[in-house]
Amino acid sequence: MIKYVSNLHELNKFDNVIDVRSPSEFKLDHIPTAINLPVLNDDERHLIGKTYTQISSFKAKTKGATLVARNIANHISKELDNKPKSWKPLVYCWRGGKRSKAMALIFKEIGWDVNILQGGYKAFRRFVRDQIAEICSKVSLKVICGPTGSGKSLLLRSLENLNSQIIDLEQLANHRGSVLGWMPNTPQESQKMFETKVWETLSSFDLKQPVFIESESKKIGNLQIPQPLISRMWDSDCIVLEVNLVSRVELLMKDYKHLLNAPEKLITSLSPLVRTHGENTVNSWVNLINQKKWNIFVEEILKTHYDPAYKRSIEGHYNRLSSASYHCINKFNKETLSTISLHISNEAQ
C-alpha cells in the first residue's frame, strides 16, 4: 500500500520532493525544494482534455495512460537512473490524485519507499497561507520607513551584513514597489510564487529576535503582500530615515539607471500618472526626459508624486509612526550605513 503524508513540516525527511504536474503549473508555483518530473507536459494535458470533451472519457484515459507510462519511463531511465534502493521520494500533483498515484505505483514496484503528499499542491497552498498567518502573529517586525530614495533597501542590506534578520519584499517580488519600480528583463512571478517565497523567508527566522522590513504599500507592482504580513507591518515599531533631497536624487539616479537608459519605456511608464496629476504635469516631465535633464526630472517627480503619496500612505497605515526613532543619513557610504545599522540593531534588542 502506498503511504500518504499530510504533515508538510516533514518535507526534509525525504530524499527528493517530486512535482509531477506540467511545466507551466510548476512555473506558476511549487514546493521550494521540489524538482519537476511531469507525467504529462502542457501540450499532452491539452490533448487529453480535448480528447475527453470531444471524443470520450475512455479514449482520454487510454491515450493518457500511454503518455504517462512513456514519460515516467523516460524519467526513470534518465533523471532517476542512479537512485539506490534506499531512495525515499515524496510525490505530489494538483490534489494528490491520478498523476501522483501513477508515478508512485511504479516507484513502489521498483522497491523505492515512495510517499504521496495528501491533498497535493492544494494542501501545500493552504499550508503556506496558514503558516504566514501563524508566523506573522508571533514575529517582531521593525519597519524601516522613509520617502523614495532614502536608502531603505541599502540599510536592509547593511543590517543583513551585521547578521540581523531581514525580509526584502521588493527583492522577493522582483519590483521596487512604485509605478516606475519595474526591473529590466525580469518580469514578476505569480502571486502564489511570491507568497511561497514570503513563507519560506518567514519560516527561516528565529522568532525570538527582531526582523527588519521596509515599509511598503499593499501592492508591490502586480503582487499583493499577504494580508497577515501587511497588517503586522502596520502595527509594528517604525524606524524613520531622514535624507536630504540632493542625496536622494543622486541615489535614485544610480539605482534607476536602467530607466535613464530606456527613456521611451520610462515615458510610457508615466502614463498611469496622468489620471492623478494631469496631462500638463506629466508632459512637463516628458519634456525633461527628452532634454535629458535627469536631476530636475527626478527632483520634480519626487516632490510632486512620490513624497505626497508616501506621506499619505505612511501616516494612514503605520499606527506607531508617532513613536518612531529617527536616523539622519548624510552620505550613502559603507561606514555611515554600518554605524546606523549597528545603532538600530542594538536599539531593537
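Reply: A residue is called buried when its relative accessible area is under 20%, exposed when over 50% and partly exposed in between (1.4 Å probe, protein chains only). This is a predicted model, in which local features need pLDDT of at least 70 and side-chain atom pairs count only at pLDDT 80 or more, while totals for chains, interfaces and linings use all residues. Residues are numbered from 1 along each chain as its sequence is written, and side-chain values use heavy atoms, with hydrogens and water left out.

In helix α9, which covers residues 227-234, the buried residues include L229, I230, M233 and W234. Seen down the axis of α9, its buried residues fall within an arc of 135° (taken from the directions from the helix axis to the C-beta atoms), so they line one face of the helix. Helices (H or I, at least four residues) and strands (E, at least two) are DSSP runs, numbered from the N terminus.

V139 sits in the loop between α5 (120-136) and β6 (141-145), and V139 is buried, with a relative accessible area of 0%. When its neighbours within four places in sequence are left aside, V139 is in contact (heavy atoms within 4.5 Å) with L207, V211 and R232. By contrast, the C-alpha atoms of V139 and F297, 158 residues apart along the chain, are separated by 40 Å.

The largest pocket has a volume of about 1000 Å³. It is lined by 37 residues, of which E170, R176, G177, S178 and E214 are the closest to its centre. Two or more lining residues come from each of α6 (152-161), α7 (169-173), α10 (245-255) and α14 (294-317), and α14 provides the largest share, seven residues. Sorted by class, this lining of the largest pocket holds twelve nonpolar, 15 polar and ten charged residues.

The second largest pocket has a volume of about 760 Å³. Among the 21 residues that line the second largest pocket, L40, I48, V68, K98 and R99 are the closest to its centre. The elements that give two or more residues to this lining are α2 (42-54), α3 (57-77) and α4 (98-110), with α3 giving the most, eight residues. By class, the lining of the second largest pocket has twelve nonpolar, four polar and five charged residues.

A pocket here is an open set of points on a 1 Å grid where a 1.4 Å probe fits, with protein on both sides within 12 Å along at least five of seven lines, and lining residues have an atom within 4 Å of a point.

How values were computed
Points joined across faces, edges and corners; volume = space filled by probe spheres on them. Nonpolar A, V, L, I, M, F, W, Y, C, P; charged D, E, K, R; others polar.
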